Amino acid sequence: MKKKKISPSLLSANFSNIEKDIKMLEVAGVHLLHIDVMDGHFVPNITMGPFIVSAIKKVATIPLDVHLMIENPGDYTDAFIDAGADYLTIHYETSRHLHRVLQKIKSSKIKVGVSLNPHTPVSVLEDILPDLDLILIMSVNPGFGGQSFIPNTINKLKKLKKLLKDNNAEHIEVEVDGGIKLENIKTVSEAGCDIFVSGSGILKTKKPQDTIQKMMKLIG
């Protein structure tokens, strides 16, 4: 049985002292650190590049879960792998030659993932399941933190769970990103999520460490 994991999004961290937030999250027992990379083209925002990922890698002691929300991700995978990504996820919607990019990432011996926007059906993944370690379901439209969870994500997770079972691919980890909070994390877990990305749902609460402990109890 796959272990359930919490992956706080550093998009909501205090960038004037991000090392302090990282250490606080690690002490609280989170499993991964989620890094949202945005290019201002695929999504309407610009965030972190390889240089920032490299800086985070120097202070973090847990794996980096790097999510590329960028056009032409194949041109940049080497830079993020070299910067220290442990998981590297690209969007289905951005890759004309998706299999080629996945194989390139996989050859580096790190975990490779594909992300789907809210409008993209899980059926598009069937032919690339053998190449995946992770599937990331966006439960908001990508680009900004603090958005509300899209309710239809629950149905999408159930369809994905069936797809994985039918293709003997239940070893693939399922991640959900967007609007994950204490109020909905149990429902998302029961629908088939393994890795929970939460930015403002953790880091914008009064006591983030307490929030993390409560989330861990809810997901078992």
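Is Asp194 buried or exposed, and what is its relative accessibility? At 6% relative accessibility, Asp194 counts as buried, where buried stands for under 20% relative accessible area, exposed for over 50%, and partly exposed for what lies in between, computed with a 1.4 Å probe on protein chains only.

## Basis of the description

The model is predicted, and for this reader it matters that local features need pLDDT of at least 70, that side-chain atom pairs count only at pLDDT 80 or more, and that totals for chains, interfaces and linings use all residues. Residues are numbered from 1 along each chain as its sequence is written, and side-chain values use heavy atoms, with hydrogens and water left out.

## Salt bridges

A salt bridge is a side-chain nitrogen of Lys or Arg within 4 Å of a carboxyl oxygen of Asp or Glu, and by this rule the count comes to seven salt bridges. One of them joins Lys2 and Asp194, whose closest N and O atoms are 3.0 Å apart. This pair links distant parts of the chain, 192 residues apart, with Lys2 in the segment before strand S1 and Asp194 in the loop between helix H6 (185-190) and strand S8 (195-198); helices (H or I, at least four residues) and strands (E, at least two) are DSSP runs, numbered from the N terminus. While Asp194 is buried, Lys2 is partly exposed, with a relative accessible area of 26%.

Another salt bridge brings together the side chains of Asp133 and Lys106, at 3.7 Å from N to O. Here too the pair links distant parts of the chain, 27 residues apart: Asp133 belongs to the loop between strand S5 (111-116) and strand S6 (134-138), and Lys106 to helix H4 (residues 98-106). Lys106 is partly exposed, its relative accessible area being 29%.

## Helix H1

Helix H1 (residues 18-28) has as its buried residues Ile18, Asp21, Ile22, Met24, Leu25, Glu26 and Ala28. These buried residues pack against strand S1 (5-8), strand S2, helix H2, helix H7 (200-203) and helix H8 (208-219), with contact taken as heavy atoms within 4.5 Å. After H1 comes Gly29, whose phi is positive, near 100°.

Lys23 and Glu26 are separated by about one helical turn, because they are three residues apart in helix H1. Glu26 is buried, with a relative accessible area of 16%, whereas Lys23 is partly exposed at 32%.

Asp39 sits in the loop between strand S2 (33-38) and helix H2 (50-59).

Polar atoms of the Asp39 side chain do lie 2.8 Å from the backbone nitrogen of His41 and 2.7 Å from the backbone nitrogen of Glu71. Leaving aside residues up to four places away in sequence, Asp39 touches Asn45, Ile46, Met69, Ile70 and Glu71.

## Loops and positive phi values

Most residues other than glycine have a negative phi. Asn72, although not a glycine, has a positive phi of about 50°; this residue is in the loop between strand S3 (64-69) and helix H3 (77-83) and, at 47% relative accessibility, counts as partly exposed. Asn168 likewise has a positive phi, near 50°, and its place is in the loop between helix H5 (153-166) and strand S7 (173-177), where Asn168 is exposed with a relative accessible area of 69%.

Pro151 lies in the loop between S6 and H5 and is exposed, with a relative accessible area of 62%. The C-alpha atoms of Pro151 and Ser139 are separated by 7.9 Å, although the two residues are twelve residues apart along the chain.

## A nonpolar surface patch

Phe15, Phe51 and Ile52 form a nonpolar patch on the surface, with about 330 Å² of accessible area together. Patches are made of residues with over 30% relative accessible area and no salt bridge, with like charges joined within 9 Å and nonpolar side chains (Val, Leu, Ile, Met, Phe, Trp, Tyr) within 5 Å, and accessible areas come from the Shrake-Rupley method with a 1.4 Å probe, only the protein chains shown counting as cover for residues. Ile52 belongs to helix H2 and is partly exposed, with a relative accessible area of 31%.

Terms used. Polar contact = N/O pair within 3.5 Å; in protein donor to acceptor, adjacent residues only side chain to side chain.
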